[in-house]
Amino acid sequence: MSANIVSKIWKRTLFAVISVAILLGLSSTASAQKTTVVRVVVVKTDNPTAYAQALEEGKAIMKKAGINETIHVYQATYAGPNAGSVAVSIEYPSMVALAEAEAKLRADKDYVAWIKSLDKIRTIVSDSIYREL
């Protein structure tokens, strides 16, 4: 085989390998962006009912800011030393959506004031982000 033919085959093979790598990279980025993400905040509170009511105010502030994510509030019962803890989950369609919502809310004065007011009725035990597999 001539050097010219080998060079053409090598270039085509290299191009194919690079193209596949790029497509795989784009595919993983796209799927990572579409993976559901849940932020879970676990708190201790002496008054779970008052805390749940305060969260309704937060939901209204979030909705006003254009953030309409799914929020659930749970209280632990069969949880050993964690019984009575309250867990709040906020579901986002992607990590990008969570980051955008977080940035928007941190700039919202009503949200910032509301978060600060929660310090009077709860102590954060943990704040985690989970992604769907």
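**Exercise 1. Salt bridges**

A search of the whole structure finds seven salt bridges, where a salt bridge is a side-chain nitrogen of Lys or Arg within 4 Å of a carboxyl oxygen of Asp or Glu. Determine which side chains Asp110 meets in salt bridges, and where in the chain Lys64 and Asp110 lie.

*Solution.* The model is predicted, and local features need pLDDT of at least 70, side-chain atom pairs count only at pLDDT 80 or more, while totals for chains, interfaces and linings use all residues. Residues are numbered from 1 along each chain as its sequence is written, and side-chain values use heavy atoms, with hydrogens and water left out.

Step 1. The side chain of Asp110 meets that of Lys64 in a salt bridge, with an N to O distance of 3.5 Å. This pair links distant parts of the chain, with Lys64 in helix H2 and Asp110 in helix H4, 46 residues apart; helices (H or I, at least four residues) and strands (E, at least two) are DSSP runs, numbered from the N terminus.

Step 2. Asp110 also meets Lys109 in a salt bridge, at 3.8 Å from N to O.

Step 3. Relative accessible area is read with buried meaning under 20%, exposed over 50%, and partly exposed in between (1.4 Å probe, protein chains only). Lys64 is exposed at 68% and Lys109 is exposed at 66%, whereas Asp110, at 32%, is partly exposed.

**Exercise 2. Asp108**

Asp108 is buried yet has no salt bridge.

Step 1. Side chains of opposite charge can pair when their charged atoms come close. For Asp108, the nearest side chain of opposite charge is that of Lys64, 6.5 Å away, where Lys and Arg count as positive and Asp and Glu as negative, His and the chain ends not being counted.

Step 2. A polar atom of the Asp108 side chain lies 3.0 Å from the backbone nitrogen of Tyr111.

**Exercise 3. The largest pocket and Trp114**

Identify the residues closest to the centre of the largest pocket, and describe the surroundings of Trp114.

*Solution.* Step 1. The largest pocket holds about 290 Å³ of space. Of the 21 residues that line this pocket, Val41, Ile90, Tyr111, Trp114 and Ile115 are the closest to its centre. On a 1 Å grid over the protein atoms alone, a pocket is an open set of points where a 1.4 Å probe fits, with protein on both sides within 12 Å along at least five of seven lines, and lining residues have an atom within 4 Å of a point. Grid points are joined across faces, edges and corners, and the volume is the space filled by probe spheres set on the points.

Step 1. Helix H2 gives the largest share of the lining, five residues.

Step 2. Trp114 belongs to helix H4 and is buried, with a relative accessible area of 7%. Leaving aside neighbours within four places in sequence, Trp114 is in contact with Ala54, Leu55, Glu57, Gly58 and Ile61. The C-alpha atoms of Trp114 and Ala54 are 8.6 Å apart, although 60 residues separate the two along the chain.

**Exercise 4. Ser85**

Find which loop holds Ser85, and which backbone oxygen its side chain reaches.

*Solution.* Step 1. Ser85 is in the loop between strand S2 (70-75) and strand S3, and at 5% relative accessibility it counts as buried.

Step 1. The side chain of Ser85 reaches the backbone oxygen of Asn82 at 2.9 Å. Not counting residues up to four places away in sequence, Ser85 touches Val42, Val43, Lys44, Tyr74, Gln75 and Ala76.

Definitions and conventions. A polar contact is a pair of N or O atoms within 3.5 Å; within protein, one must be able to donate a hydrogen and the other to accept it, and residues adjacent in sequence count only if both atoms are side-chain atoms. Contact means heavy atoms within 4.5 Å.
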